[in-house]
Amino acid sequence: MEMAEETGRGREGGGEIRNLGESAGCILRGAPNNPAAPLWPTIDGPLGLSEEDSLSYARSFFKFGFLLLPWLWAVNCFYFWPVLRHSPSFPRIRRYVFGSAVGFLLLTVLLSSWALTFVIGGERLFGPVWERLVMYNVADRFGLTSWS
């Protein structure tokens, strides 16, 4: 379903109608060279951060994501979704948000493939080494299960 917005720039309440299409729900500013650029860098619009604060937060989330906290990369992508979605808007913030998106996707693929290797392959894939790789038999291995 397409949505339209009345801008109110016309004569006596008869403003022009602008088609929002896929960007419905995002507050947009109408620049001559980029009619669909977001007005605010965060998803919470005018209640969110200024552009300078947004740059600081995006940079912090990006850097802390390297400390094996990939969920911060996901939060960075979610919170700065307007920046990620509209590529020419906020170029200083975009490089950190795009880097977070790439890092989150790479780590998700890596962790998923690692987990699926163990879940699907299991003992058939690893053979006799499997008993040393799994952690569910640690108590048996060290004799901690005998209560007598």
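## A serine in a loop

The side chain of Ser89 has a polar atom 2.7 Å from the backbone oxygen of His86. Bear in mind throughout that this is a predicted model. Ser89 sits in the loop that runs between helix H3 (81–85) and helix H4 (91–126). Is Ser89 buried or exposed? Ser89 counts as buried because its relative accessibility is 2%, and the cut-off for buried is under 20%.

## The salt bridge

Searching the whole structure turns up one salt bridge. Its partners are Arg92 and Glu52, whose closest N and O atoms are 2.5 Å apart. Side chains of opposite charge can pair when their charged atoms come close. Arg92 is partly exposed because its relative accessible area is 40%.

Here are the two atom pairs described so far:

| Pair | Atoms | Distance |
|---|---|---|
| Ser89 and His86 | polar side-chain atom of Ser89, backbone oxygen of His86 | 2.7 Å |
| Arg92 and Glu52 | closest N and O atoms of the salt bridge | 2.5 Å |

## The nonpolar core

Which residues have the most contacts inside the largest nonpolar core? They are Ala58, Phe80, Val83, Leu84, Ile93, Tyr96 and Val97, in a core of 14 residues. Helices H1, H2, H3 and H4 each supply at least two residues of this core, and H4 gives the largest share, with four. In soluble globular proteins, nonpolar side chains tend to be buried together.

Setting aside neighbours within four places in sequence, Ile93 is in contact with Pro41, Glu51, Ser54, Leu55, Ala58, Phe80 and Val83.

Helix H2 (residues 70–79) has its own buried set: Pro70, Leu72, Trp73, Asn76, Cys77 and Tyr79. These buried residues pack against helix H1 (51–65), H3 and H4.

## The whole chain

Stepping back, the chain has six helices and four strands. From the N terminus, the order is β-β-β-β-α-α-α-α-α-α. The chain has 148 residues, of which 28% count as buried. Its accessible surface comes to about 10600 Å², with 65% belonging to carbon and sulfur atoms. Among contacts between residues at least 6 apart in sequence, 37% join residues at least 24 apart.

Definitions and conventions
Residues are numbered from 1 along each chain as its sequence is written. This is a predicted model: local features need pLDDT of at least 70, side-chain atom pairs count only at pLDDT 80 or more; totals for chains, interfaces and linings use all residues. Side-chain values use heavy atoms; hydrogens and water are left out. Buried means under 20% relative accessible area, exposed over 50%, partly exposed in between (1.4 Å probe, protein chains only). A polar contact is a pair of N or O atoms within 3.5 Å; within protein, one must be able to donate a hydrogen and the other to accept it, and residues adjacent in sequence count only if both atoms are side-chain atoms. Contact means heavy atoms within 4.5 Å. Accessible areas come from the Shrake-Rupley method with a 1.4 Å probe; for residues, only the protein chains shown count as cover. A nonpolar core is a set of buried Ala, Val, Leu, Ile, Met, Phe, Trp, Tyr and Cys residues joined through side-chain atoms within 4.5 Å. A salt bridge is a side-chain nitrogen of Lys or Arg within 4 Å of a carboxyl oxygen of Asp or Glu.
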